[in-house]
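Subject: Structure handover

Hello,

Please find the structure below. My notes on it follow.

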Amino acid sequence: MTGIETSAFPPGTQTLTRGLSVIEAVAEGHSTLMEIASVIGCSRSTTHRLASTLVQAGYLRSTSSANGQSFILGSRLVEMGFLARDQLPVVTLARDHLTALGAKTCDTVHLGIRGGC
């Protein structure tokens, strides 16, 4: 099973962890309801309810094709990614310096933070 192991969390959090597992499955490239259900170990109907709720909340997008309904990541995840990045203390500290460097060099400046360090 991909994603989050629901038994590792306190009782009453199963739906939340399953919803997060749906997002992770879609992020890994599983786009159809059958694929997602198989990966997270839930029935198709449970997976459909979870995915539909995530679509309503903007965390997933539903697309239709000749092969049926499929899911992709939604814009709400991008928004949250930007918020998470902005909450990093190093970003706050570096912002003024990087803005000044960009103005001096007339170039685009990026800050990279190596993960897992």
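Which residues does Val22 touch, not counting residues up to four places away in sequence? They are Ile36, Ile40, Leu50, Leu54 and Leu60, where contact means heavy atoms within 4.5 Å.

Before the rest, some notes on the source. This is a predicted model, in which local features need pLDDT of at least 70 and side-chain atom pairs count only at pLDDT 80 or more, while totals for chains, interfaces and linings use all residues. Residues are numbered from 1 along each chain as its sequence is written, and side-chain values use heavy atoms, with hydrogens and water left out.

Core. Val22 is also among the residues with the most contacts inside the largest nonpolar core, together with Ile36, Ile40, Leu60 and Phe71. That core has 14 residues. A nonpolar core is a set of buried Ala, Val, Leu, Ile, Met, Phe, Trp, Tyr and Cys residues joined through side-chain atoms within 4.5 Å; buried means under 20% relative accessible area, exposed over 50%, and partly exposed in between, with a 1.4 Å probe and protein chains only. H1, H2 and H3 are the elements that give two or more residues to this core. Helices (H or I, at least four residues) and strands (E, at least two) are DSSP runs, numbered from the N terminus.

Helix packing. The axes of H2 (residues 33-40) and H3 (residues 44-56) come within 9 Å and cross at roughly 105 degrees. H2 and H3 are therefore roughly perpendicular (65 to 115 degrees; under 35 is roughly parallel, over 145 roughly antiparallel, the rest oblique). Axes are lines fitted to C-alpha atoms, for helices over the stretch in contact, and angles run from 0 to 180 degrees between N-to-C directions. On the H2 side the contact is made by Leu33, Met34, Ile36, Ala37 and Ile40, and on the H3 side by Arg44, Thr47, His48, Leu50 and Ala51.

H1 (residues 14-27) packs against H3 at about 75 degrees, with the axes 10 Å apart, which makes H1 roughly perpendicular to H3. Here Thr15, Arg18, Gly19, Val22 and Ile23 of H1 meet Thr46, Leu50 and Leu54 of H3.

Strands. S1 (residues 60-65) and S2 (residues 68-73) pair in the antiparallel sense over 6 bridges; two strands pair if DSSP finds at least two bridges between them. A hairpin through 2 residues joins S1 to S2, and Arg61 stands opposite Ile72 in S2.

Backbone. Cys106, in the segment after helix H5 (89-105), has a positive phi near 55 degrees. Cys106 is exposed, with a relative accessible area of 72%.

Regards
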